Amino acid sequence: MRIDELVGLRIATVDAGTALDTDWSAWGDRVDLVRVDRPDPACWDRLVAAGFVVKPDRVTWLADTGDDERDFLSRISRKEREGVAKARRAVQRAGLTWRQAPLSEAGWRTFLDLYEPAVARMRNGLAVAGRHWDAIAPQLADYFLLGAYDDAGVLRGAAVGQWCPQVPVARLRFSAVDGDQRDASLSRVLYLEAVRAAREAGYAQVTLGNDPNLYGHLVMPGLFAFKARLGFVAVPSTMVDPTDGFDVADRLLSVKPLSDPAFMLGYPDTGRSRDLTFDFFSRTDDPDIRLYTTCRPAPVRMHRID
C-alpha cells in the first residue's frame, strides 16, 4: 500500500487483492480514497460489489466541429445559445481581438503568465501546464496558441492547442482567462473560437481538454456542467487516444476534502464503454444533482458518505 496526498486528498494505492480483502470502514480517518490502478477486468464485478467505481482515470471532452458555427450551436439548448450570443457581445464591448499563431517558447511563457494566476484562484488548483514544456518542445510544429488580446496587446484569454492528425482530432491542451468580470463570457467564446480553428483546419472533431475523473477535487462540478452545456461530451480519454490514460477502480471513504456532492463517471455494468454513468457522493441522502444530470442524461448511482 502507498499513501499519497494530492491537494488535500489522501489516496491509498493498493492491488486488487488488498482492495478486496481490507475492511476499509476503519480507514476513514487516514485515507480519503482507495485506488487500484489498471484493475484486471476479471475482478471488476467484485470490486464494484465491494464499493469501488471502475472508471477511466481521466475523461476527454469531445465534440464534432460541425459544418459551421450555426450547425455546432444547433445542438445545444436555446438558453445556452442565448448565453453564447451575450458572451460574444461582452467580448466585443471589451475590445478584444483574436489571433492564432504557431506556438513558440515566448508564446508559451506568455500563456503561463496568464494560466498560473488563473489556476491559483481555484479552490484546489494545480498548475500542471508548466511541467509539460519538455514534452511539447520537440513537437512544437504541432501546437498553436489561440489568444484574445486587448487594445494594448495584452493577452486576456488563451488556449494552447495541438493538431493530432493521427487520431485525428484537434486537442485543446490548456486554457485560461484573466481574473476580471469577463471570465464566463470569455471562456465561452474562447472555446467556440477553438472549435472554429479546428473546423477551418479540416478537423471533424475537437476536444476541450482532459479532466481528472473526480469532480469536486481538482476540477469543480460546475466546470463539468459548463462544458456539457456547450455541447461537449465527456468520454474515456483512451477512446480518443489509446495512449492517453488508463482505467482505475476507486472507493471514496470521505468527502471532507471535496465539494458536496462530488462525482465520478464510471463504466456501466456491461463493461468498458464511451457511455459513462454518474456515481454521486454526498453527506446527505438527497443532494441536488439536477445541474449535472440535466445537461448530460445518464444512469445515476448515489452513495451517502461522511
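You are looking at a predicted model, in which local features need pLDDT of at least 70, side-chain atom pairs count only at pLDDT 80 or more, and totals for chains, interfaces and linings use all residues. Residues are numbered from 1 along each chain as its sequence is written, and side-chain values use heavy atoms, leaving out hydrogens and water.

**Stop 1: around Ser 237.** Ser 237 sits in the loop between β11 (233–236) and β12 (247–252). Here, helices (H or I, at least four residues) and strands (E, at least two) are DSSP runs, numbered from the N terminus. Which residues does Ser 237 touch, not counting those up to four places away in sequence? Show Arg 58, Val 59, Thr 60, Asn 210 and Asp 244 to see them; a contact means heavy atoms within 4.5 Å.

**Stop 2: helix α8.** Now select residues 221–229, which form α8. Its buried residues are Pro 221, Phe 224, Ala 225, Phe 226, Lys 227 and Ala 228. After α8 comes Gly 231, with a positive phi near 100 degrees.

**Stop 3: two cis peptide bonds.** Go to Val 167 and Pro 168, where the peptide bond is cis and omega is near -5 degrees. Pro 168 belongs to the loop between β8 (155–164) and β9 (169–177). Next, move to Asp 260 and Pro 261: they too are joined by a cis peptide bond, with omega about 5 degrees. You will find Pro 261 in the loop between β12 and β13 (262–266).

Stop 4: Select Val 7, in the loop between β1 (2–6) and β2 (9–13). Its phi is near 45 degrees, a positive value in a residue other than glycine. Val 7 counts as partly exposed, at 31% relative accessibility. Then pick Arg 38, in the loop between β3 (33–37) and α2 (44–49). Arg 38 is not a glycine either, yet has a positive phi of about 50 degrees. Is Arg 38 buried or exposed? With a relative accessible area of 56%, Arg 38 is exposed.

**Stop 5: cysteines.** Highlight Cys 43, which is buried at 5% relative accessibility, and Cys 164, buried at 2%. How many disulfides does the structure hold? There are zero, a disulfide being a pair of cysteine sulfur atoms within 2.5 Å.

**Last stop: the whole protein.** Zoom out to take in nine helices and 15 strands. The C-alpha trace spans about 60 × 45 × 35 Å along its principal axes. For 306 residues, a compact globule would have a radius of gyration near 19 Å, and the protein agrees with its 20 Å; this radius is taken over C-alpha atoms, and the globule rule is 2.2 Å times the number of residues to the power 0.38. Of the 306 residues, 50% count as buried. Among contacts with a separation of 6 or more, 66% are between residues 24 or more positions apart.

Finally, colour by charge: there are 40 positive and 43 negative side chains, and the centres of the two sets lie 4 Å apart. Lys and Arg count as positive and Asp and Glu as negative, while His and the chain ends are not counted. Each charge is placed at NZ of Lys, CZ of Arg, CG of Asp or CD of Glu.

Terms used:
Buried means under 20% relative accessible area, exposed over 50%, partly exposed in between (1.4 Å probe, protein chains only).
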